[in-house]
Amino acid sequence: MAEEDDPLAYSSGIQSVHTDVHTGCAMIEEVISNWPAKNEIQQRMFVANGKVTLDVIAAMQSSTA
């Protein structure tokens with residue numbers, strides 16, 4: 001899914017994934033094992049976006065407010 005006014009779909013992302021827990025964990029482990037060790041490379045790969053959050057984090061933030 002992408003925003004309507006984003007013709008290059010830079011705002012796109014996966015809305016949901018249907019898989020079993022073992023496959024989900026394997027996907028996470030693959031990302032961890034391939035993540036670069038050098039901080040400078042990590043910073044080039046990861047860009048924070050204040051509009052994007054995990055449901056768990058959002059729930060924790062709203063419960064402490």
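Modeller: Helices (H or I, at least four residues) and strands (E, at least two) are DSSP runs, numbered from the N terminus. It's a predicted model, so local features need pLDDT of at least 70 and side-chain atom pairs pLDDT 80 or more, while totals for chains, interfaces and linings use all residues. Residues are numbered from 1 along each chain as its sequence is written, and side-chain values use heavy atoms, with hydrogens and water left out.

Colleague: How many helices does the protein have?

Modeller: Reading from the N terminus, the elements go α-α-α. There are 0 strands, and the helix count is 3.

Colleague: Is D6 buried or exposed?

Modeller: D6 sits in the segment before α1 (21-34). Beyond its neighbours within four places in sequence, D6 has S11 and S12 in contact (heavy atoms within 4.5 Å). Buried means under 20% relative accessible area, exposed over 50%, partly exposed in between (1.4 Å probe, protein chains only). D6 has a relative accessible area of 15%, so it's buried.

Colleague: What share of the 65 residues is buried?

Modeller: D6 falls in the buried class. Across the 65 residues of the protein, buried ones make up 5%.

Colleague: And where is F46, and is it buried or exposed?

Modeller: F46 belongs to the loop between α2 (39-45) and α3 (55-64). Its relative accessible area is 54%, so F46 is exposed.
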